[in-house]
Amino acid sequence: MTRQESQAAWSNWKPLPGDWHPSRDVLAETLDGGQSFRWHHADGIWTGAWAGCAAQLRLLDGTLQWRAPKPLAKTVATALPRYLALDRDWTGLTDSLPWRSDAHLAQCVAAFPGLRILRQPFGETLLGFLCSATKQIGQIKQMCALLAERHGLPGDWPGQTPAGQPRDELGALSMSKRQTGTVRHRLPTWAELAVIPEKELRACLLGFRAKYIHGTAKFLAARPGWLEATESLPYSVAKARLLELPGVGEKIADCVLLFGAGRLEAFPVDTWVLKSLARRYGLTGWKPAPVALFGRTHFGPLAGLAQQYLFAWERRPGGR
DNA sequence: AGGCAGGTGGCCA
DNA sequence: TGGCCACCTGCC
């Protein structure tokens, strides 16, 4: 492998606008805590890609800085604040959660001060979470990386393959290394996915999820503008529409609306949240649907934000 | 070495 | 409506 591709230049580091000063842990939890599957960390620098954008982030003396590939710098300067939802008052939003009357929530919020919900591209969020069924974050990232490398357009940005990283003849990083440190391609669009045989999708370690992604791609290809329209519909209507897609159930629909459309009322209930509410709120044995109802009732219109704090807490190393 | 993993859909009573 | 189970496959 040549090194030529890594010669492209990055812009100069610049402070991120706004007043977000996350700790290293909170930054990691936000970028790599299961909302997005396209950020990779190396040597204190986070590299991520979404839509036609790529960016790097680093924390220097408690200040968050960013840079982008030079040709993209202008675009990213606009797109990154939106992606990171810098325009929303997260301090105020978090303050309006019912932590004053909920000691466990207060503990979670205190443990991850400044945690926020990303605003990712809607279609990419859908793809990521269609990969997510009964998979761990590392494996989901691997699937997304393979989809991007094999079926997405090359990005207009410097290659991010760590020097000397061995690759097998199929282009997959060897699984034993579990390195997902490449963000060299865009994710395929839904239009691109629609013409990929299901068998090729399965080869990206998708397993039975390949059928759902293929089916969703075909569904969307037959309905131009359907997904874009869905993004801007009211929450309940948008959710009902997402549930029409093969492989999209309650949980994934809520993830897409929460992480890909900024709908903080969406309250995805996965196994972690199920465990959290069982253990911390006495809902042992409850099924996902009643738990979701409890969550929306108890946490209110920003239940999705509360969910992210609970999720982060429950996932802590050695978490109990 | 076999069960389990950020779910969903289909089939039964 | 509610409870089960198959679905792919890599990893602990």
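Which residue stands opposite Leu59 in S5? In this predicted model, Leu64 of S5 takes that position.

## Basis of the description

The model is predicted, so local features need pLDDT of at least 70 and side-chain atom pairs count only at pLDDT 80 or more, while totals for chains, interfaces and linings use all residues. Residues are numbered from 1 along each chain as its sequence is written, and chains are lettered from A and ligands numbered from 1 in the order in which they are written.

## Overall composition

Chain A contains 15 helices and five strands; helices (H or I, at least four residues) and strands (E, at least two) are DSSP runs, numbered from the N terminus. Of its 320 residues, 40% count as buried. A residue is buried if 20 or more other C-beta atoms lie within 10 Å of its own, exposed if 12 or fewer, and partly exposed in between, with C-beta atoms placed from the backbone.

Among contacts in chain A with a separation of 6 or more, 68% join residues 24 or more positions apart; a contact requires C-beta atoms, placed from the backbone, within 7 Å.

## The sheet

Five strands form an open sheet in the order S1-S5-S4-S3-S2, with antiparallel pairing. Strand S1 (14-15) and strand S2 (39-42) are at the edges with a single partner strand each, so one side of each has no neighbour in the sheet. Pairing means that DSSP finds at least two bridges between two strands.

Strand S4 (residues 53-60) and S5 (residues 63-67) are joined by five antiparallel bridges. They form a hairpin with two residues between them, and Asp61 in the turn has a positive phi of about 55°. S5 also pairs with S1 in the antiparallel sense over two bridges, where Trp66 is the bridge partner of Lys14.

Leu105, Cys108 and Val109 are the buried residues listed for helix H4 (residues 103-111). Viewed down the axis of H4, these buried residues fall within an arc of 95°, so they line one face of the helix; the arc is that of the directions from the helix axis to the C-beta atoms. Ala103 and Ala110 are exposed on the other side. The buried residues of H4 pack against helix H3 (90-95) and helix H15 (303-315).

Tyr309 is in contact with Leu105, Cys108, Val109, Phe112 and Leu115, leaving aside its neighbours within four places in sequence. Tyr309 is also among the residues with the most contacts inside the largest nonpolar core, along with Cys144, Ile213 and Val256. That core has 79 residues; a nonpolar core is a set of buried Ala, Val, Leu, Ile, Met, Phe, Trp, Tyr and Cys residues joined through C-beta atoms within 7 Å.

## Helix H11

In helix H11 (residues 235-242), Ala238, Lys239 and Leu242 are buried. Their directions fall within an arc of 100° seen down the axis of H11, so they line one face of the helix. Ser236 and Val237 are exposed on the other side. The buried residues of H11 pack against helix H10 (226-231) and helix H12 (250-261).

## Surface near DNA strand B

Around DNA strand B there are 23 residues, of which Gly34, Ala133, Gln136, Gly249 and Ile252 come nearest; a residue is near a strand if its C-beta atom, placed from the backbone, lies within 6 Å of it. H12 and helix H13 (271-281) are the elements that give two or more residues to this surface.

How values were computed:
Contact = placed C-beta atoms within 7 Å.
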